[in-house]
Amino acid sequence: MTVALRGRSVGLGLAVVSAATFGTSGSFADSLMASGWTPGGAVTVRIGLAALALTVPALFVLRGRWRSLRTGAADVAAYGLVALAGCQLFFFNAVEHLSVGVALLLEYSGTLFVVLWLWLRHGQRPSRLTVAGGLIAIVGLVLVLDLTGPQRVDLVGVLWGLGAAAGLATYFVVSSHSDAQLHPVAMAWAGCVLGFTALAVFALVGLIPFETRAADVDLGGARLSWLVPALGVALVATVAAYTTGIAAARRLGAKVASFVGLAEVLFAILFAWLLLDQQPSVLQLIGGLVVLAGIALVRVDERDGATGDDAALEIPLAGASSSG
């Protein structure tokens, strides 16, 4: 195995961890919303608590490197305002006009936006294998999100959903900047601080409905304090998910990281089954396998391309320094 291939393997592992931790957000948030929280209240508290939890680790990694926060200001602004706050605002507006499953499908189409961006901005024309993988993954998502029946759709909602997709694409593109000097922890912290500020303003002016309740919730068959899912969605589905997601995208690139990120919906169904007793249908399970097949095609395409392009540059681990 070579240094570059090992880096991609680590990146793939981090991407799966990120997708899995993101996948817990639905179960944690659903338990809060069932007790009277609005989606806007849940996500604002989620991002705010995450920013708070990341403060000390971020200050630690930034010691002596405060300049990186200034040089990375454009990435932080795009990350916090578009990928975090903007994506949430667009999605909330989308579900006012669309069925939730349709809104989610449109948001996840951000993966295709990433491919389009890389083609138009960097000249990375997608191969037939990537196109096939993308189409297969979208078909799988239709099955997983149970969109085979009648759905509520209108043009305004579709436009809001495409805005959420652009926010998701921004997350992967900005996260993948391999030359970024800003540590993933510091990047996640700065983005959460900015995102929380924007969401709080949106809530104050009424752009998103904001309501929370300090009442016990049902989670995993037990009656628990609201703090349990609130901390869960902040620490697991935000702190862990975003930091590992940034680290993964820097190793894998935006395209592969975004396709692996589609596994989030599969983990979401799994956790909803385990924690909320929402058993998936056979069609959803089949859709999950189809999504994985699409991800695998894109991964194979990227791996084959990297092997051909980088083979002469990669250094065998056997001859590499342990400090490298």
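Helix 13 (residues 263-276) has 14 residues, which should span 20 Å at 1.5 Å a residue; its end C-alpha atoms lie 19 Å apart, so the two values agree. The expected span is taken as 1.5 Å times one less than the number of residues in the helix. Helices here are DSSP runs of H or I with at least four residues, numbered from the N terminus. The model is a predicted one, in which local features need pLDDT of at least 70 and side-chain atom pairs count only at pLDDT 80 or more, while totals for chains, interfaces and linings use all residues. Residues are numbered from 1 along each chain as its sequence is written, and side-chain values use heavy atoms, with hydrogens and water left out.

Within helix 13, the buried residues are Ala263, Glu264, Val265, Leu266, Ile269 and Ala272. Buried means under 20% relative accessible area, exposed means over 50%, and partly exposed lies in between, computed with a 1.4 Å probe and protein chains only. Just after helix 13 comes Asp277, with a positive phi of about 60 degrees.

Thr130, Gly133, Gly134, Ala137, Gly140, Leu141, Leu143 and Val144 are buried in helix 8. Helix 8 is followed by Asp146, which is placed in the loop between helix 8 and helix 9. The phi of Asp146 is near 55 degrees, a positive value in a residue other than glycine. Asp146 counts as partly exposed because its relative accessibility is 44%.

Thr130, in helix 8, has a relative accessible area of 2% and is therefore buried. Leaving aside neighbours within four places in sequence, Thr130 is in contact with Val115, Lys255, Val298 and Asp301. Contact means heavy atoms within 4.5 Å.

Two of these partners, Lys255 and Asp301, also pair with each other. They form a salt bridge, with the closest N and O atoms 3.9 Å apart. Lys255 lies in helix 12 (residues 254-261) and Asp301 in helix 14 (residues 282-310), so the pair ties together parts that are 46 residues apart in sequence. A salt bridge is a side-chain nitrogen of Lys or Arg within 4 Å of a carboxyl oxygen of Asp or Glu. Side chains of opposite charge can pair when their charged atoms come close. Lys255 counts as buried because its relative accessibility is 13%, and Asp301 counts as buried at 17%.

The structure holds three salt bridges. Another one joins Glu211 and Arg213, whose closest N and O atoms are 3.4 Å apart. Glu211 is partly exposed at 35% relative accessibility, and Arg213 is partly exposed with a relative accessible area of 43%. Asp218 and Arg223 also meet through their side chains in a salt bridge, at 3.1 Å from N to O. Here Asp218 is partly exposed, with a relative accessible area of 49%, whereas Arg223 counts as exposed at 54% relative accessibility.

The next topic is the nonpolar interior. In soluble globular proteins, nonpolar side chains tend to be buried together. A nonpolar core is a set of buried Ala, Val, Leu, Ile, Met, Phe, Trp, Tyr and Cys residues joined through side-chain atoms within 4.5 Å. The largest such core has 75 residues, and those with the most contacts inside it are Tyr79, Tyr171 and Leu262. Helix 10 (residues 184-204) supplies the largest share of this core, eleven residues. Apart from it lies another core, of five residues, including Leu32, Trp37, Ala42 and Val217. Leu262 touches Tyr108, Thr111, Ala137, Leu141, Val291 and Ile295, not counting residues up to four places away in sequence.

Helix 7 (110-122) and helix 9 (155-175) each supply at least two residues of the patch, and helix 9 gives the most, with three. Leu112 is found in helix 7 and counts as partly exposed because its relative accessibility is 34%.
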